Amino acid sequence: MNKKLAAALSGGAVLMLVLSGCGGDDGDEKANAWAKKVCDQWQPELKKIETANADIKRVATESVKSDEVKQTDSAAFATMSESYKTMGSALQQAGVPPVKDGASTQAAAVKGFEDTSKGYADLKAKMDALDPADKTKFADGLKEVAGGLKTATQGGQDALTTLNSGGLDKAISGQKGCQVAAPTSASE
């Protein structure tokens, strides 16, 4: 019953893996310095998001009781909400990126991460409202939560698109802090 949620979350994980591209050229030193500030702050958040995704996939693929699914998924959504909020704050704190229309690029990207943070907070609330004792309603509720994932992750996807189209793609993908590696364990 939780496999649809895990499948939908796999799509959300792709959002952060977009950042794992190969390093760019030396390019603009100012853009690289800005990206380093951002990526150094993003690195722990990216790890938390990957771990949360792994936890959700684990309970979706193992024979796990509904109450553990609820607890794990709720905690994962809380983690993701906080991580995307922190990522938006890191963009804000890094200052205006040194690209054309940097202020609007920054504002749009920050808003995108804030929207995704709110989306995951909303999913957590929906998950918390589910009753694991009623298997049928719980399964229906999981389907609804899985259906809300695309909306929840849209802001973050828009933020990355904005940063990439704003001319920061090479600077960001070249930073070690924005390169995502799969976690070695499901707990941290």
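Which residues does Lys70 touch, not counting residues up to four places away in sequence? I looked this up in the model, which is a predicted one. I found Met127, Asp128, Leu130, Pro132 and Phe138.

**Entry on Lys70.** I placed Lys70 in helix α3, which covers residues 66-93. I noted that Lys70 is buried and has no salt bridge. I then checked for the nearest side chain of opposite charge and got Asp128, 5.8 Å away; a salt bridge would need a distance within 4 Å. I did find a polar atom of the Lys70 side chain 2.6 Å from the backbone oxygen of Leu130.

**Entry on the core.** I looked up the largest nonpolar core and recorded 41 residues. Trp34, Trp42 and Leu91 have the most contacts inside this core. I traced its sources to α2 (29-61), α3, α4 (102-129) and α5 (135-173), each of which supplies at least two residues. For Leu91 I listed the residues touched, leaving aside those up to four places away in sequence: Trp34, Val38, Trp42, Gln106, Ala109, Val110, Phe113 and Leu163.

**Entry on the disulfide.** I counted one disulfide. It joins Cys39 to Cys178, with an S to S distance of 2.0 Å. I read the torsion about the S-S bond of Cys39 and Cys178 as about -95 degrees, so I logged the disulfide as left-handed. Cys39 lies in helix α2 and Cys178 in the segment after α5, so the pair ties together parts that are 139 residues apart in sequence.

Terms used: Residues are numbered from 1 along each chain as its sequence is written. This is a predicted model: local features need pLDDT of at least 70, side-chain atom pairs count only at pLDDT 80 or more; totals for chains, interfaces and linings use all residues. Side-chain values use heavy atoms; hydrogens and water are left out. Helices (H or I, at least four residues) and strands (E, at least two) are DSSP runs, numbered from the N terminus. Buried means under 20% relative accessible area, exposed over 50%, partly exposed in between (1.4 Å probe, protein chains only). Lys and Arg count as positive and Asp and Glu as negative; His and the chain ends are not counted. A polar contact is a pair of N or O atoms within 3.5 Å; within protein, one must be able to donate a hydrogen and the other to accept it, and residues adjacent in sequence count only if both atoms are side-chain atoms. Contact means heavy atoms within 4.5 Å. A nonpolar core is a set of buried Ala, Val, Leu, Ile, Met, Phe, Trp, Tyr and Cys residues joined through side-chain atoms within 4.5 Å. A disulfide is a pair of cysteine sulfur atoms within 2.5 Å.
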